[in-house]
Amino acid sequence: MTNSSSSNTYKNIQGAIRRAGEDLGFSESTITTITNPYNVINESVMVEGIDTPINMYRVQFNNALGPYKGGIRFHPDVDLDEVKTLAITMMLKCSLVGIPMGGAKGGATLNPENYTETEIEAVARAWVRTMHEYIGVDKDIPAPDVNTNGQIMSYMLDEFEQIVGRSEPGVITGKPIALGGSVGREQATSQGGVYVLQQLLEYLPDRVGNKQVIIQGFGNVGSYAATLLADAGYTIVGISDSKGAIYRSSGLNVHDILKRKNELRTSLHDMFADDASVDTILNEELLVRPCDILIPAALENQITADNAGDIQARIILELANNPTSADADTILNNRDIMVVPDFLANAGGVTVSYFEWVQNREQYYWDAQTVDERLHTIMTNATKKTFELAKNQSFTLREAGFNLAVERVAHAVALRGSGHIKK
Ligand code: NAD
């Protein structure tokens with residue numbers, strides 16, 4: 001994502017929050033509080049074994065509802081505007097689904113493909129050394145995001161526990177189960193998205209015909225979305241990774257593709273180079289190919305005014321954060337394409353992260369069925385509330401989501417009077 005598109009997205013979200021806050025009658029001071037971050041930490045850090053300094057970020061947006069919560073992204077495009085945009089989205093997400101947490105996000109500007117595993121571990125540890133005063137089990141709880149995973153969370157937990165000199169598994173979520181992770185966390189974002197989609201299709205059974213799905217991105221979120229939806233009877237007709245896309249109108253065997261991709265560590269294009277039954281196409285082309293449901297599950301700003309007019313899906317389920325530009329949103333809405341906003345569609349990830357944190361604090365671990373039932377309840381209830389408000393007020397789902405999310409967090413800010421907990 002370019003600097004200017006991050007900055008536009010951030011301003012658009014601030015504007016939407018302001019409009020919702022004003023409609024709901026909150027004071028200027030409350031609206032100002034929920035549209036600006038409480039703390040911004042931005043350091044250029046020398047990392048052992050790496051020649052050039054790496055920019056590291058943590059933006060703590062708002063903690064009126066509970067400790068700050070949000071993932072850490074390792075990507076060459078990470079910059080302050082992007083981290084602020086992702087942090088404000090986390091505030092909305094936690095508020096909309098009703099979990100007692102605030103919004104934050106972190107990152108480091110690097111391309112992990114250019115570094116060894118040892119160097120990535122050093123970056124992860126350096127991130128924690130830089131941020132350790134700001135994070136904590138009751139303060140701010142990071143988690144994985146793009147290009148970070150359970151292994152990186154393990155390095156981070158270890159570094160933090162070495163610094164504080166005690167066991168504190170709840171300081172970070174998305175951990176492997178052996179280090180206090182929750183069952184169900186890995187697939188939670190995608191599973192939550194499936195529950196949102198299923199609830200919407202109960203309201204709108206005629207919106208999609210054949211349940212054909214295209215998914216952009218085949219990492220954690222995209223690959224679980226593909227396999228969970230395939231198991232639920234949907235046909236996955238297109239998927240992509242950073243190198244390119246594949247499409248087959250009769251459907252792809254995504255379980256087999258995932259297994260082979262993990263074994264071979266190769267791109268989708270390379271895997272299907274000799275298979276005439278599968279179209280190998282550019283990433284851009286995949287988004288406008290025929291399907292009923294389009295799922296962006298890669299990066300920001302993928303659906304723009306340039307391609308929104310050509311999208312053939314009837315529902316867009318935003319599992320990525322901020323994949324749709326404001327212009328594209330208007331075009332899609334005018335074309336009666338339903339967009340399920342990121343802060344509803346992908347909130348299953350933070351929901352099970354919250355479950356992980358609760359389990360770490362209790363030192364008592366739930367089984368898979370308990371996690372799944374509780375995730376289902378939270379995601380289904382949030383979807384019902386959002387859909388019903390949208391229907392009653394003639395809002396888009398995004399507008400309804402903004403209203404509900406702003407109402408809860410702004411109320412918490414207003415109750416606190418003139419003081420805010422900052423650190
Ligand atoms: P990931 O790093 O595991 O996967 C990202 C995938 O996107 C990879 O397959 C990569 O090859 C692909 N990709 C990158 N650029 C692409 C492009 N231009 N076209 C097509 N594919 C491309 O990351 P992830 O954790 O799956 O996150 C994906 C998105 O979901 C991000 O927007 C992230 O913020 C959001 N998200 C993740 C979680 C979570 O729990 N991991 C939770 C909420 C939201």
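The buried residues of helix α14 pack against α3 (80–97), α6, β12 (338–340), α12 (342–345), α13 and α15 (397–415), where buried means under 20% relative accessible area, exposed over 50% and partly exposed in between, with a 1.4 Å probe and protein chains only, and where contact means heavy atoms within 4.5 Å. The model is predicted, with local features needing pLDDT of at least 70 and side-chain atom pairs counting only at pLDDT 80 or more, while totals for chains, interfaces and linings use all residues. Residues are numbered from 1 along each chain as its sequence is written, and side-chain values use heavy atoms, with hydrogens and water left out. Helices (H or I, at least four residues) and strands (E, at least two) are DSSP runs numbered from the N terminus.

**Helix α14 and its residues**

- Helix α14 comprises the 26 residues 368–393, which at 1.5 Å a residue should span 38 Å, and the 37 Å between its end C-alpha atoms agrees with that expectation; the expected span is 1.5 Å times one less than the number of residues.
- The buried residues of α14 are Val371, Leu375, Ile378, Met379, Thr380, Ala382, Thr383, Thr386, Phe387 and Ala390.
- Threonine 386, in helix α14, counts as buried because its relative accessibility is 0%, and beyond residues up to four places away in sequence it touches Leu96, Leu344, Leu397, Ala400, Gly401 and Leu404.
- Alanine 390, also placed in helix α14, counts as buried at 6% relative accessibility, and its contacts, leaving aside neighbours within four places in sequence, are with Phe395, Thr396, Leu397 and Ala400.
- The C-alpha atoms of alanine 390 and glycine 165 are separated by 49 Å, the two residues being 225 residues apart along the chain.
- Just after α14, serine 394 takes a positive phi of about 55 degrees.

**Helix α4**

- The 15 residues of helix α4 (residues 117–131) should span 21 Å at 1.5 Å a residue, and the end C-alpha atoms are 21 Å apart, in agreement.
- Buried in α4 are Ile120, Ala122, Val123, Ala124, Arg125, Ala126, Trp127, Val128 and Met131.
- The packing partners of these buried residues of α4 are the strands β1 (39–45), β2 (54–62), β3 (68–75), β4 (103–109) and β5 (140–144), together with helix α5 (150–164).

- The axes of α6 (residues 188–203) and α13 (residues 348–362) come within 6 Å and cross at roughly 120 degrees; axes here are lines fitted to C-alpha atoms, for helices over the stretch in contact, and angles run from 0 to 180 degrees between N-to-C directions.
- Helices α6 and α13 are therefore oblique to each other, given that angles under 35 degrees count as roughly parallel, over 145 as roughly antiparallel, 65 to 115 as roughly perpendicular and the rest as oblique.
- Helix α6 passes α13 in a right-handed crossing; a crossing is right-handed if the near helix is turned clockwise from the far one by less than a right angle, and left-handed if anticlockwise.
- On the α6 side Ala188, Thr189 and Gly192 meet Gly348, Gly349 and Val352 of α13.
- The residues of the contact of α6 with α13 divide into two nonpolar, four polar and no charged, where Ala, Val, Leu, Ile, Met, Phe, Trp, Tyr, Cys and Pro count as nonpolar, Asp, Glu, Lys and Arg as charged, and the others, Gly among them, as polar.
- The axes of α6 and α7 (residues 220–231) come within 8 Å and cross at roughly 50 degrees, so α6 and α7 are likewise oblique to each other, and α6 passes α7 in a right-handed crossing.
- Thr189, Ser190, Gln191, Val194 and Leu197 of α6 make this contact with Asn220, Val221, Tyr224, Ala225, Leu228 and Leu229 of α7, and by class the contact of α6 with α7 has seven nonpolar, four polar and no charged residues.

**Methionine 91 in helix α3**

- Methionine 91 lies in helix α3 and is buried, with a relative accessible area of 1%.
- Not counting residues up to four places away in sequence, methionine 91 touches Ile17, Ile34, Phe61, Asn62, Gly103 and Val409.

**Loop residues with positive phi**

- Asparagine 147, in the loop between β5 and α5, has a positive phi near 65 degrees although it is a residue other than glycine, and at 40% relative accessibility it counts as partly exposed.
- Arginine 265, in the loop between α8 (254–264) and α9 (268–271), has a positive phi near 50 degrees and is exposed, with a relative accessible area of 69%.
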